Structures are given as C-alpha cells and as structure tokens.
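Subject: Structure handover and notes

Hello,

Please find the structure below, with the sequence. My notes come after it.

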Amino acid sequence: MLKPLQVETWVQSRRSDLDDVREPVEAIIRQVREGKDAALRDLTARFDGIEIDDFRVTEEEIEAAYDEVDTEITERLIEAEARITQFHELQKRTGMWLQETEPGITLGVKTTALHRIGAYVPGGRAAYPSTALMTAIPARVAGVKEICCCTPPPIHPLTLVALDIAGVTEIYRLGGAQAIAAMALGTESVKPVQKIVGPGNIFVTAAKMMLRDHAEIDFPAGPSEIGIIADATAIPEYIAADIMAQAEHDPKAACVLVTTDPKIAEAASAEVARMFQESPRKEIIEKALANSGYIIADTLSEAIRLINEIAPEHLSIQVADTFSVLSKIENAGSIFAGPFTAVACGDYASGTNHVLPTAGYARMYSGLNVDHFCKTSTIQMIDREGLEAIGDIVETLADAEGLHAHAESVRIRRR
C-alpha cells in the first residue's frame, strides 16, 4: 500500500497554505477584537453548534468528570504525568548564574518563567488527554503561575481530568481561531496571555501566526507525520506498525520510509496492507496512506541526507548501527532510536513531549519544552577595575558611531 515517493514532492505536500484561510481567520480575529464575549458566543454557536453562556469550566464540572472516567484510566494519566514531569524537570535552567569573566567584570543570565500562558487542546468530537498533559506540564515545571487552556465544546470528561492532573488553572470551552484570538487579545471572560502553545487545524495555526504581535507562539503544528530510516536489518512488521500508528491520527497524516533496501520497502508495504485489513479506522488510515510512501536510497549516508531534508515531526531509526545514524541527524522534531522504541511511547508515557513542529519546520524549531515558557535577562556587574579594562573600547567605538553621550557616560565614571 506504500508507493514510491520523491522527497521534493513529499516535502511540498506537507506545507499547508495559510493564505487559503487568511480572510476568514482575519474576520474571526476582528470579530473577537470588537465583540469580545458576545463574538465568542456567536462564533461558538456558528462553528460548534452550541449555545454557551459561561465559557469557563467550573470546579464542580471538573470533579464530576472524575466520576465519569474509569479509575484505571485516571491512574494511568497520573503515571504519565509523573514521567512527563520527570523529563521536563531535567530541562529546567538555573534561576540565575553569575561568573567573573575577568577581574572586575561579572556576567550572567537570569531566567524567569512567563506569568500567564495559553494552551490549545484540540477536541470536540474526540478526547486528547495526552495533549492536555504535554502542553501544560512543561509550563508548570517552568514555574508559570497561570495556565489557561481552551478546548472546543463539548469537552470530554477525559480531557478535563487530564487538564486538572496537569495543573491547568483555567479551562474554557472555546475552540478554533476564536479561542486563539480570545487568549491573545483578551475578552471580558478570558484574560490575555503572553504565549500560546498547542496543535490545531489550519485555522488555529493561521490565527496563532497572525496574532504573534499580541502573544508569542510555540511553532506551526499541523497534521502528524513520521519519517523512518531503515536498513536491511530492520523488521518490516515494526515499520508497518509505526506507519499505521501515525496514519490513524488524521486523514492528513503522512508517513515516509527511507530505506537502503528495496526488499524492506516491499515487505513493510505488505505488512501495512495486512494490518489495514484488521484496522477499525480504515477510512482515516486509507486517506493518510495516500499521502505516504517510501524512498529508496543508494547508501545510508544518502538516506540520512534525505531525512535531514524532510525534517520529519517524528523520526524512527531502525538500523544496525543506531548511534552512528543518530549522531548525523540534524532535523527532526523527536527521535525514536532503536527497533523497540515505538513512536507511540513518546505520545503518552516515555516522558518526552509530543507537541512537535511538522511540515519541515523541525529545520528551525524545537519541540515543546520548558524553555518555551521562560525568558532570560543578561546581567553585568562591573567595578572600577573592570570599567578601566573595557573603557577605551567603549569610548572609541561610541565616538566612532557618533554616539558621544554613550562615550561620556563611561568617561564620567573613569574621571
């Protein structure tokens, strides 16, 4: 069921044209800016078919959600939360560091968490508790005090439980571009945030990109995708299982196998066909597989070059010498090294984050992490000895630029 691909074709097909939705998204943003809560009610009725008076979810609703979720699922969410928290704790920077770089000059950096962020969790027809954990936990670990989450109505009880376990402080039944506009611009009900994170459809992504003057964002995140690099030692059944796991995400999901062995591509394709017949999500998977395929590389070095060009959201490495390939990977959202490292482990419980750049954006963006929720300030402490050491440099260069007051601010101290 996998077809041969050209890397250029695959890369181009992953790019969503945000210009296609620019006008309707601009209209939604304008409506929210002008109408605030009233606009949110109109847009929710229009797009979600639900009349809502109060957007904020109450504590009583969250408590009731626990009663509707199976106890074992809640326990597994708590276990996943602990693992995700543990990994993200490892990413935390020192609050402040100072180092004397030369006598009289001490430099450093102070890291401060953002105060208020917004997380978007897709929903409506489905529940994504894992995304609730992934968007909120790194913010909480970073030290963010206010974590606001928007997710489309009706909100599944499972999502509410996950958001509560993750430490979200406010939950709003709002979806789509209007939710992004509410968090970025603020309304009577929703206070504006400093940053918005989380995946969504093309309307959500476009709204995030358009509102960056009001709230910073993580990165563009579209339909899920996987790249697999495999040699003759790879197990076709494992490759097919990872392809099927990505394909069931979304009709626009995509998978690309880059292998040095045509027999592996043929065998993996046969396994995909077999698994497809047994799948309960055939309609979604069939559309996703239409976006998918394989590329035959002459050498492993060529395969690595192609993967770096593709810059996949998820990368599975299934080769004999795992670390040799891993060391040469430059562009990938999250890397799954070795035959037993199923990509699904990273979706739920290994501890790494599954909110990742798609469509080749891994060439320039990192996946969601604690640093996304922090900002840094540089520090300098200079005494008289230090000022003498660099005074001539500052005065000479300031005068050369015609900024004489800059130079004088140093001279007056040296006198």
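Predicted model: local features only at pLDDT ≥ 70, side-chain atom pairs only at ≥ 80, totals over all residues.

Residues are numbered from 1 along each chain as its sequence is written, and side-chain values use heavy atoms, with hydrogens and water left out.

Annotated sites

The UniProt annotation "active site", from an unreviewed entry, covers E313 and H314. UniProt positions are given in the numbering used here, feature names are shortened, and annotations may be inferred rather than shown by experiment.

E313 sits in the loop between α12 (300-310) and β12 (314-318), and H314 is in strand β12. Helices (H or I, at least four residues) and strands (E, at least two) are DSSP runs, numbered from the N terminus. E313 counts as buried because its relative accessibility is 5%; H314 counts as buried at 2%. The cut-offs for this are under 20% relative accessible area for buried and over 50% for exposed, with partly exposed in between (1.4 Å probe, protein chains only).

Contacts (heavy atoms within 4.5 Å) leave out residues up to four places away in sequence for E313. The residues that E313 touches include P223, S224, E225, S334, H354 and L356. H314, leaving aside its neighbours within four places in sequence, is in contact with S224, E225, I226, G227, Q246, S334, F336, V343, D347 and L356.

For "binding site", UniProt (unreviewed entry) lists S224, Q246, H249, H314, D347, E401 and H406. These positions are spread over 183 residues of sequence and are also spread in space, up to 57.7 Å between C-alpha atoms. One of them, H249, lies in the loop between α9 and β10 and is partly exposed at 36% relative accessibility. Leaving aside neighbours within four places in sequence, H249 is in contact with S224, R281, I284 and D347. H406 is in helix α16 and is partly exposed at 49% relative accessibility.

Helices α9 and α11

How do α9 and α11 pack, by angle and by distance between their axes? Helix α9 (residues 236-247) and helix α11 (residues 282-289) pack at about 105°, with their axes 8 Å apart. The two are therefore roughly perpendicular to each other. I243, M244 and A247 of α9 make the contact with I284, I285, A288 and L289 of α11. By class, this contact has seven nonpolar, no polar and no charged residues.

On terms: axes are lines fitted to C-alpha atoms, for helices over the stretch in contact, and angles run from 0 to 180 degrees between N-to-C directions. Angles under 35 degrees count as roughly parallel, over 145 as roughly antiparallel, 65 to 115 as roughly perpendicular and the rest as oblique. Ala, Val, Leu, Ile, Met, Phe, Trp, Tyr, Cys and Pro count as nonpolar, Asp, Glu, Lys and Arg as charged, and the others, Gly among them, as polar.

Salt bridges

The structure holds 24 salt bridges, each a side-chain nitrogen of Lys or Arg within 4 Å of a carboxyl oxygen of Asp or Glu.

E72 and R76 form one of these, at 3.7 Å from N to O. They are four residues apart in helix α4 (residues 71-89), which means that about one helical turn separates them. E72 is partly exposed at 45% relative accessible area, and R76 is partly exposed at 46%.

R281 forms a salt bridge with E248, the closest N and O atoms being 3.8 Å apart. R281 lies in the loop between α10 (262-278) and α11, and E248 in the loop between α9 and β10 (254-259), so the pair ties together parts that are 33 residues apart in sequence.

The side chains of R414 and D392 meet at 2.8 Å, N to O, in a salt bridge. R414 is in helix α16 (residues 404-414) and D392 in helix α15 (residues 384-400), so this pair ties together parts that are 22 residues apart in sequence. Salt bridges that share partners join E388, D392, E395, D399, R411 and R414 into one network.

Two further residues

E81, in helix α4, is buried at 14% relative accessible area. T205, in helix α8 (residues 202-210), counts as buried at 10% relative accessibility.

Regards
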